[in-house]
Amino acid sequence: MDEYFERRKRMVERLKDELKISEKVAKAMLEVPRHLFVPPHMRREAYNDYPLPIGYGQTISAPHMVAIMCDLLDLKEGERVLEVGTGSGYHAAVVSRIVGEEGLVVTVERIPELAETAKKIYESLGYDNIKVVVGDGSVGYEELAPYDKIYVTASAPKIPVKLLAQLKNGGRMVIPVGDFVQHLYVVDKDEYGRVKKRSWGAVRFVPLIGEEGFED
């Protein structure tokens, strides 16, 4: 077995011990080669539990945060999921393994170079249930709405109204909200379209830039 697999295995075991992550999230994180989603000179750091810079002022989230958000979303096979902020492409890759071939991950990235890099990695891995879109993720992607689940990988000033509108009744969104002080919110929409939100806890993300985000 290659050294990266061994490092990845240790990372997943640590997350299972410390966070008690679900088996489906653990399995997906064991499958996805995180080292391919970071700059080549940082590959030896890929399985350490902290964010890494990927250029353009963006980061790849720490593995524990990816695991926590996936578990909070309660992803199921066959679901259609919207990701706001492709970044490195790693998070969407993990989600795509959980929702399976019958599911779809639509990921929106405002920086074309990051979107293109992620797309090439997906193609090289044969991950064909991910659609990469270049655009303003703060307003979602209406063409393929509604979504069973939505998650945002950058902190918004408030929960974007357009994202809520694209969430199915019975769906869930996980989103960090705040500027200097940020909290991760779990937002549920019931079968009648009523919205309830709860704070999971304090987090630190890059700002969400766009029409329903912060100004660039």
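A residue is called buried when its relative accessible area is under 20%, exposed when it is over 50%, and partly exposed in between, using a 1.4 Å probe and protein chains only. By this definition Lys20 is exposed, because its relative accessible area is 63%. The structure discussed here is a predicted model, in which local features need pLDDT of at least 70 and side-chain atom pairs count only at pLDDT 80 or more, while totals for chains, interfaces and linings use all residues. Residues are numbered from 1 along each chain as its sequence is written, and side-chain values use heavy atoms, with hydrogens and water left out.

The overall fold comes first. The protein chain has six helices and nine strands; helices (H or I, at least four residues) and strands (E, at least two) are DSSP runs numbered from the N terminus. The radius of gyration of the protein chain is 16 Å, close to the 17 Å given by the globule rule for 216 residues, so the chain is as compact as a globular protein of that length. Here the radius is taken over C-alpha atoms, and the rule is 2.2 Å times the number of residues to the power 0.38. The C-alpha trace spans about 50 × 35 × 35 Å along its principal axes. Of the 216 residues, 54% count as buried. Contact means heavy atoms within 4.5 Å; among contacts between residues at least 6 apart in sequence, 57% join residues at least 24 apart.

Lys20, in the loop between helix H1 (3–19) and helix H2 (23–31), has a phi near 55 degrees, a positive value in a residue other than glycine. Asp74 has a positive phi of about 55 degrees although it is not a glycine, and its place is in the loop between H3 and S3. With a relative accessible area of 35%, Asp74 is partly exposed.

Lys149 lies in strand S6 (residues 147–152), and leaving aside neighbours within four places in sequence, its contacts include Leu73, Asp74, Leu75 and Arg172. Is Lys149 buried or exposed? Lys149 is buried, because its relative accessible area is 6%. Its side chain reaches the backbone oxygen of Leu73 at 3.0 Å. Such a polar contact is a pair of N or O atoms within 3.5 Å; within protein, one must be able to donate a hydrogen and the other to accept it, and residues adjacent in sequence count only if both atoms are side-chain atoms. In the loop between strand S5 (130–134) and S6 stands Pro146, which is joined to Ala145 by a cis peptide bond with omega of about 5 degrees.

Val99 belongs to H4 and is buried, with a relative accessible area of 0%. Not counting residues up to four places away in sequence, Val99 touches several residues, among them Leu75, Val81, Leu104 and Asn129. Leu125, in helix H5, counts as partly exposed at 27% relative accessibility. Beyond its neighbours within four places in sequence, Leu125 is in contact with Pro33, Leu36 and Phe37.

The pockets complete the picture. On a 1 Å grid over the protein atoms alone, a cavity is a set of points where a 1.4 Å probe fits but cannot get out, and a pocket is an open set with protein on both sides within 12 Å along at least five of seven lines; lining residues have an atom within 4 Å of a point. The largest pocket has a volume of about 480 Å³, where grid points are joined across faces, edges and corners and a volume is the space filled by probe spheres set on the points. Its lining has 33 residues, of which Thr59, Ser61, Thr153, Ala154 and Val206 lie nearest its centre. Among the elements that each supply at least two lining residues are helix H3 (63–73) and helix H4 (90–99). The second largest pocket has a volume of about 170 Å³, and Phe37 is one of the residues nearest its centre. Helix H5 (residues 112–125) gives the largest share of that lining, four residues.
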